[in-house]
Amino acid sequence: MVITDDERLDAMFAALADRTRRDIVARLSEGEATVKELAAPYAMTLQAVSQHIRVLERCGLVSRGRRRQTRPCRLEPAALETALSWIEESRRVWAERMDRLETHLARLQDGENQ
């Protein structure tokens, strides 16, 4: 099964729609952490935190390594590139549209003032 960029974006934005998963991504941006460490700030079970991590793994934002008896989680920042590209392209398109609208409104206003 081939996963398209659109499907990858859908999965990533769906994963990041949850505050707990955004918090986990923010925490992992500081460095690797175990599930237990990631679960510490929350009033939820390790199993619940593991489920959040699995969602982040499925969209490629998080991976798990192996160090002795632990499997630390780590952020995969390269996975964000697709989302960042989409966001930047959308920002550029909307900025151009707003510039054209501003120009059009200025012309209309100039026409009324004459």
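1. Ile-53 counts as buried, its relative accessibility being 0% (buried means under 20% relative accessible area, exposed over 50%, and partly exposed in between, with a 1.4 Å probe and protein chains only). The model is predicted, so local features need pLDDT of at least 70 and side-chain atom pairs count only at pLDDT 80 or more, whereas totals for chains, interfaces and linings use all residues. Residues are numbered from 1 along each chain as its sequence is written, and side-chain values use heavy atoms, with hydrogens and water left out.

2. Ile-53 belongs to helix α4 (helices are DSSP runs of H or I with at least four residues, strands are runs of E with at least two, and both are numbered from the N terminus). Leaving aside neighbours within four places in sequence, Ile-53 is in contact with Ile-24, Val-35, Leu-38, Val-62, Arg-64 and Cys-73 (contact means heavy atoms within 4.5 Å). Ala-26 is 27 residues from Ile-53 along the chain, and the two C-alpha atoms are separated by 13 Å.

3. Ser-50 is also found in helix α4. With a relative accessible area of 14%, Ser-50 is buried. Not counting residues up to four places away in sequence, Ser-50 touches Val-35 and Arg-64.

4. The largest nonpolar core has 20 residues, and Leu-28, Leu-38, Ile-53 and Leu-61 are those with the most contacts inside it (such a core is a set of buried Ala, Val, Leu, Ile, Met, Phe, Trp, Tyr and Cys residues joined through side-chain atoms within 4.5 Å). Two or more residues of this core come from each of α1, α2, α3, α4 and β2. For Leu-38, the contacts beyond four places in sequence are Ile-24, Arg-27, Leu-28, Ala-33, Val-49, Ile-53 and Cys-73.

5. Helix α2 spans residues 19–28, and its buried residues are Thr-20, Arg-21, Ile-24, Val-25 and Leu-28. These residues lie on the same side of α2 because they cover an arc of only 140 degrees around the axis (the arc is taken over the directions from the helix axis to the C-beta atoms). As background, residues three or four places apart in an α-helix point the same way, because there are 3.6 residues a turn. The packing partners of the buried residues of α2 are α1 (5–16), α3 (35–39), α4 (46–58), β1 (62–64) and β2 (73–75). At the start of α2, the backbone nitrogen of Thr-20 has a side-chain oxygen of Asp-18 within 2.9 Å.

6. Leu-16 is placed in helix α1. Its relative accessible area of 21% makes Leu-16 partly exposed. Beyond four places in sequence, Leu-16 is in contact with Arg-22, Val-25 and Leu-61. Leu-16 and Trp-86 are 70 residues apart in sequence, with 15 Å from C-alpha to C-alpha.

7. The structure holds 1 aromatic pair. Phe-13 and Trp-86 form this edge-to-face pair, at 5.5 Å centre to centre and 65 degrees between the planes (rings of Phe, Tyr and Trp, the last by its six-membered ring, pair if their centres lie within 6.5 Å; planes under 30 degrees apart count as stacked, over 60 as edge-to-face and the rest as tilted). Because Phe-13 lies in helix α1 and Trp-86 in helix α5 (residues 80–113), the pair ties together parts that are 73 residues apart in sequence. Phe-13 is partly exposed at 33% relative accessible area, and Trp-86 is partly exposed at 45%.

8. Arg-97 lies over the face of Trp-94, 4.7 Å from the ring centre (a charge sits over a ring if NZ of Lys or CZ of Arg is within 6 Å of the ring centre and within 35 degrees of the ring normal).

Technical notes:
A polar contact is a pair of N or O atoms within 3.5 Å; within protein, one must be able to donate a hydrogen and the other to accept it, and residues adjacent in sequence count only if both atoms are side-chain atoms.
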